[in-house]
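Here are my notes on the model you sent.

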Amino acid sequence: MTTSIVESIHEVPAAEWEHLARPAGLYLSHRWLAGEEEDPTATCAYALVRDPGGKLLAATPLYLVRDEPNDSYQPETVLPPHLRPRVIAGARRGYHNTPLTAPGLGPGRRDACLALLRDAVRRFAGHHGTTHWWPYLTTEAATRLAPLYPDPALHLEDDALIPLPGTGIDDYISSLPSQRRAGIRRERRAFAAAAGLDVRRQVLADCWEDAAVLLAGHQQDHGHDRDGLDAMTGLLKRQATAMGSEARVAAAYDGPRMIGFCLSYHYGATTWIRAVALDRRHPAPHLYFNLMYYLPIEDAYAHGTTALHAGMKAIEAKRRRGAGVSGLYALADPPS
């Protein structure tokens, strides 16, 4: 097997990359990574492992970070003091990461591919005078990669995934305990009955400016001072351009004014919640719960996906809505 480093995802045919990425998730998809190349805060590259015939067996994006605006991806925020890597291996956004390996590889060959991938990433980081780390690895990914690193995986957060049984939201609600069923039905009814509210489903390209205003306010309310209007406008505009019709928004309006939105993506068998924000100065009954859960669940069933990736934070609220919870971990290469 051979390893190489390429500078753009466009150097790898989309179908070849997607064969590995489809089971892994949205934030490692070819189209998403192409959009991330437009982010000026890091330089991208891609480590590839191929068999003697040229078939792609394993891969990962790499990011040489110059300026990390997200506190949760800053090594000094989440890693021990002696670890300060500047290269991220895997997904840089989305809090969901794994090395990519071809489906159907046996354990021995898969582990050999992961070792070659680790070596390629280590050389890339060394070339730039730094080390690398894998942030927000899934439990399975951390288990597979941990034998390749001297320090044990560090638990960072928990991740929530809501299974969607059956063919519609009523099947989802029926799968929950009786007390929760009654609560969810009540939250949906109150939201639907709210006077003056209009729910619109649209592509991000048609509403990114309004959504950016709400997202900037949400981020700054949560102490993310660098995520102002200019930053959030640039972020959502890049996503709208890169993801096109895949970037779906469910938004609540009071007249012409957007008062809340949820940005989500259908990818593989999962609907991925990317961002939720609302105008807290304009309350509506159970607005957050409908944007975060029930409207995306309706859309997921309509699209045919079988799970809703609800992500980190507010884990107990997600458990109450049927989520299974698993850990997210970091592995870091220590200084030589």
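1. A charged network comes first. In this predicted model, salt bridges link D39, E68, R92 and R93 into a network. Within that group, R93 pairs with E68, and their closest N and O atoms are 2.9 Å apart. This pair links distant parts of the chain. R93 sits in the loop between β4 (87-89) and β5 (100-101), while E68 sits in the loop between β3 (56-65) and α3 (75-78). The two are 25 residues apart. Both R93 and E68 are buried.

2. The wider count. The structure has 18 salt bridges. One of them joins the side chains of E157 and K313 at 2.8 Å, N to O. E157 belongs to strand β7 (residues 154-163) and K313 to the loop between β12 (307-311) and α11 (315-319), so this bridge ties together parts 156 residues apart in sequence. E157 is partly exposed, at 22% relative accessible area.

3. A further pair. R22 and E18 form a salt bridge through their side chains, at 3.8 Å from N to O. Are these two residues buried or partly exposed? R22 counts as partly exposed because its relative accessibility is 44%. E18 has a relative accessible area of 19%, so it counts as buried, the cut-off being under 20%.

4. Nonpolar packing. The largest nonpolar core has 84 residues. W17, F261 and L263 have the most contacts inside it. Strand β3 gives the most to this core, with eight residues. Leaving out residues up to four places away in sequence, F261 touches A211, L214, L215, V249, A250, A251, A275, V276, A277 and L291. A second, separate core holds 31 residues, among them A160, C262, L291 and M292. Nonpolar side chains tend to be buried together in soluble globular proteins.

5. Helix α8. This helix covers residues 208-221, 14 residues in total. From first C-alpha to last, α8 reaches 20 Å, close to the 20 Å expected at 1.5 Å a residue. Which residues of α8 are buried? They are W208, A211, A212, L214, L215, A216, H218 and Q219. Their cover includes α9 (229-243), β10 (257-267) and β11 (270-278). As a general point, an α-helix has 3.6 residues a turn, so residues three or four places apart point the same way. G223 follows α8 and has a positive phi, near 85°.

6. D51 deserves a look. D51 lies in the loop between β2 (42-50) and β3. D51 is buried but has no salt bridge. Which side chain of opposite charge is nearest to D51? That is R109, 4.3 Å away. A polar atom of the D51 side chain does lie 2.9 Å from the backbone nitrogen of G53. Residues up to four places away aside, D51 touches M1, L57 and R109.

7. D333 is the other acidic residue to check. D333 lies in the segment after β13 (324-332). D333 counts as buried because its relative accessibility is 5%. The side chains of D333 and R122 make a polar contact of 2.7 Å. Beyond neighbours within four places in sequence, D333 is in contact with L83, R122, T131, H132 and Y149.

Technical notes. Residues numbered from 1 in each chain as written. Predicted model: local features only at pLDDT ≥ 70, side-chain atom pairs only at ≥ 80, totals over all residues. Heavy atoms only, no water. Salt bridge = Lys/Arg side-chain N within 4 Å of Asp/Glu carboxyl O. Buried < 20%, exposed > 50% of the residue type's maximum accessible area, 1.4 Å probe, protein only. Helix = DSSP H or I, 4+ residues; strand = E, 2+ residues; numbered from the N terminus. Core = buried A, V, L, I, M, F, W, Y, C linked by side-chain atoms within 4.5 Å. Contact = heavy atoms within 4.5 Å. Lys, Arg positive; Asp, Glu negative; His and termini not counted. Polar contact = N/O pair within 3.5 Å; in protein donor to acceptor, adjacent residues only side chain to side chain. Expected span 1.5 Å × (residues − 1).
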